[in-house]
Amino acid sequence: MRTPTILADALPNLPWEDRPDGCTDLLWRYSGNPVLPRNPLPGIQGIYNSAVVPFEDAVAGIFRAESKNRYPHLHAGCSRDGIRWEIEPEPVTMTGDDPDVDHAAYAYDPRVVKIDGTYYVTWCTGHNGPTIAIAETDDFRRFRRLENAFLPFNRNGVLFPRKVGGHYLMLSRPSDDGHTPFGDIYLSESPDLCHWGRHRRVMGRGGDAHGQWWQRTKIGAGPVPIETTEGWLLIYHGVMDTCNGFVYSVGAALLDLERPWKVLYRTDQHLMTPEADYEVCGHVPNVVFPCAALCDAPSGRIALYYGAADTCSCLAFARADELIAFVKAHSRVF
């Protein structure tokens with residue numbers, strides 16, 4: 001039986017910490033968490049649900065930073081090792097060709113990906129309700145605003161790292177203006193990152209009928225999908241409602257490489273749920289929200305970045321072959 005491998009480049013400066021002795025978790029937490037505390041800059045009270053990507057010989061990041069008026073902005077950052085970060089004190093500014101596109105600074109829950117030599121940032125913006133915005137950059141200093149991808153309401157817009165069938169692909173979760181009761185993941189295609197169509201439902205929330213309480217309220221795409229020999233490895237968040245509020249956990253699925261709206265396998269149990277103090281206590285308790293993953297293809301190692309309790313940024317580690325084997329062995333498609 002072949003060993004599943006990541007179809008990507010080597011990343012020798014991947015942040016990494018071996019699984020602790022006696023730990024059996026598929027995702028194990030970095031002992032130095034949080035990598036970015038709640039007050040990383042003057043006037044900032046939280047930095048979380050953020051995205052990183054390899055850039056030149058370092059790592060670049062786009063961070064959701066929340067000021068003391070609770071207004072979220074995007075800030076750029078860089079790191080040599082993916083752990084110690086330098087965050088720009090001023091929010092990212094955008095330029096754009098169309099004055100009708102809203103360049104307002106309101107922005108949260110970004111993702112970032114490199115496609116054909118260009119870096120693209122997606123995030124949730126306000127346009128008469130939440131929707132998915134897109135910008136491009138070559139240097140993480142200048143950002144050119146593109147058209148919004150979808151009508152409101154929509155969240156968790158995540159681009160694939162390469163075109164499929166000559167088209168850009170994006171996962172998203174159509175929603176309402178609050179905690180949506182119809183929290184399913186969809187896939188959309190575009191020839192130019194402007195016109196989006198061929199919308200396909202990828203997978204839905206678990207629901208009580210499936211015995212999937214940990215993801216029964218809604219689900220949403222997390223990091224950029226990881227291309228492997230077994231399919232696209234999608235790490236996502238699943239949400240359940242409880243008598244004390246919502247709980248955000250981490251799940252995983254494998255999608256078909258050429259038809260990514262087709263789910264091959266999907267785990268029937270979470271891979272991580274809020275347990276550490278910095279995950280269960282914060283501005284929004286009981287949240288682990290995956291947004292980015294760095295991968296080293298030769299070793300199959302994955303460094304997963306996630307937001308904790310809508311307050312700080314954290315790091316966990318995994319091995320691709322173990323994740324894929326687990327998803328296959330504990331799979332339900334619904």
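Mentor: One definition before we start: two strands pair if DSSP finds at least two bridges between them. Strands (E, at least two residues) and helices (H or I, at least four) are DSSP runs, numbered from the N terminus.
Trainee: And what kind of model is this?
Mentor: It is a predicted model, where local features need pLDDT of at least 70, side-chain atom pairs count only at pLDDT 80 or more, and totals for chains, interfaces and linings use all residues. Residues are numbered from 1 along each chain as its sequence is written, and side-chain values use heavy atoms, with hydrogens and water left out.
Trainee: OK. How many bridges join strand 3 to strand 4?
Mentor: 8 bridges join strand 3 (residues 58-67) to strand 4 (residues 72-79). The two run antiparallel. A65 has H73 in strand 4 as its bridge partner.
Trainee: What about the hairpin of strand 3 and strand 4?
Mentor: There are 4 residues between the strands. R70 takes a positive phi near 70° there.
Trainee: And which residue stands opposite C78?
Mentor: That is E86, in strand 5. Strand 4 and strand 5 run antiparallel, joined by 2 bridges. Their hairpin has 6 residues between the strands, and G82 takes a positive phi near 80° in it.
Trainee: What is the strand order in that open sheet?
Mentor: The order is 2-3-4-5, with antiparallel pairing. Strand 2 (44-55) and strand 5 (86-87) are the edge strands, each pairing on one side only.
Trainee: Is strand 4 enclosed or open?
Mentor: Largely enclosed by the rest of the structure, because 7 of its 8 residues are buried. Buried means under 20% relative accessible area, exposed over 50%, partly exposed in between (1.4 Å probe, protein chains only).
Trainee: How many residues of strand 7 are buried?
Mentor: 8 of its 9, so that strand is mostly covered. Strand 7 pairs with strand 8 (residues 118-126) in the antiparallel sense over 7 bridges. I115 stands opposite T118 in strand 8. In their hairpin, with 2 residues between the strands, D116 takes a positive phi near 50°.
Trainee: Changing topic: which residues of helix 2 are buried?
Mentor: In helix 2 (residues 320-329) they are A320, L323, I324, F326 and V327. Seen down the helix axis, they fall within an arc of 165°, so they line one face of helix 2. The arc is that of the directions from the helix axis to the C-beta atoms.
Trainee: And what do they pack against?
Mentor: Among the partners are strand 17 (231-242), strand 18 (245-255), strand 21 (301-308) and strand 22 (312-319). Contact means heavy atoms within 4.5 Å.
Trainee: How do you define a pocket?
Mentor: On a 1 Å grid over the protein atoms alone, a pocket is an open set of points with protein on both sides within 12 Å along at least five of seven lines. A cavity is a set where a 1.4 Å probe fits but cannot get out, and lining residues have an atom within 4 Å of a point. Grid points are joined across faces, edges and corners, and a volume is the space filled by probe spheres set on the points.
Trainee: What classes line the largest pocket?
Mentor: 25 nonpolar, 2 polar and 8 charged residues. Nonpolar covers Ala, Val, Leu, Ile, Met, Phe, Trp, Tyr, Cys and Pro; charged covers Asp, Glu, Lys and Arg; the others, Gly among them, are polar.
Trainee: How many cavities of 30 Å³ or more?
Mentor: The structure holds 1. The largest cavity has a volume of about 70 Å³. Its lining has 9 nonpolar, 2 polar and no charged residues. Strand 2 gives the largest share, 3 residues.
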